[in-house]
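Here are my notes from going through the model, in numbered points. Have the structure open while you read.

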Amino acid sequence: MTSRPGGSDTSASTAEPQQPLVCARCGTRSEGPQPTWTCSVENGTRHYFCDACARENLRAIEGRLDSDWW
């Protein structure tokens, strides 16, 4: 997960329950922390994507970002 340039990421300071991550696209489960997975917030809900799905859909992911991000 990344922050906007010049912004701060305050999500690290909030405690979240440690649950297995599940890829929203393919259903791959991860028991431990996966710092290389992609996190997307859509309609107020977090969705996680495994490395393979994120790589396969990188252009679609980038296409949804505001120009401030790139």
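Which six residues make up the largest nonpolar core? Leu21, Cys23, Trp37, Phe49, Cys50 and Cys53 do. Keep in mind that this is a predicted model. The rest of my comments follow.

1. Overall layout. The protein has two helices and four strands, and along the sequence they come in the order β-β-β-β-α-α. Of its 70 residues, 16% count as buried. Looking at contacts between residues at least 6 apart in sequence, 40% join residues at least 24 apart. The accessible surface is about 5,700 Å², and carbon and sulfur atoms account for 50% of that.

2. Phe49 and its contacts. Phe49 belongs to the largest nonpolar core. Leaving aside residues up to four places away in sequence, Phe49 touches Cys23, Ala24, Arg25, Trp37, Thr38, Ser40 and Glu42. Two of those names, Cys23 and Trp37, are also on the core list.

3. The hairpin. Strands β3 and β4 run antiparallel and are joined by five bridges. Across the pair, Ser40 stands opposite His47 in β4. The two strands form a hairpin with two residues between them. Asn43 lies in the loop between β3 (38-42) and β4 (45-49), and has a positive phi of about 55° although it is not a glycine. Is Asn43 buried or exposed? Asn43 is exposed, because its relative accessible area is 83%, and the cut-off for that label is over 50%.

4. Ser30, a polar residue worth a click. Ser30 sits in strand β2 (residues 29-30). Its relative accessible area is 5%, so Ser30 counts as buried. Where does the side chain of Ser30 reach? The side chain of Ser30 gets to the backbone oxygen of Gly32, at 2.9 Å. Ser30 also touches Pro20, Leu21 and Trp37, again not counting residues up to four places away in sequence. Leu21 and Trp37 are both members of the largest nonpolar core.

5. Cysteines. How many disulfides does the structure hold? The count is zero. Cys26 is in no disulfide, and the nearest cysteine sulfur, that of Cys23, is 3.7 Å away. For Cys50, the closest cysteine sulfur is in Cys53, also at 3.7 Å, which is too far for a bond because a disulfide here needs the sulfur atoms within 2.5 Å.

6. Gln18 lies in the segment before β1 (21-22) and is exposed at 76% relative accessibility. Gln18 and Gly32 are 14 residues apart in sequence and 8.6 Å apart in space, C-alpha to C-alpha. Arg55 lies in helix α1 (residues 51-56) and, at 63% relative accessibility, is exposed as well. How many residues apart in sequence are Arg55 and Thr38? They are 17 residues apart in sequence, with 9.6 Å from C-alpha to C-alpha. Thr38 has come up already: Phe49 touches it.

How values were computed
Residues numbered from 1 in each chain as written. Predicted model: local features only at pLDDT ≥ 70, side-chain atom pairs only at ≥ 80, totals over all residues. Heavy atoms only, no water. Buried < 20%, exposed > 50% of the residue type's maximum accessible area, 1.4 Å probe, protein only. Contact = heavy atoms within 4.5 Å. Areas by Shrake-Rupley, 256 points an atom, 1.4 Å probe, with all protein chains shown as cover. Core = buried A, V, L, I, M, F, W, Y, C linked by side-chain atoms within 4.5 Å. Polar contact = N/O pair within 3.5 Å; in protein donor to acceptor, adjacent residues only side chain to side chain. Pairing = 2+ DSSP bridges.
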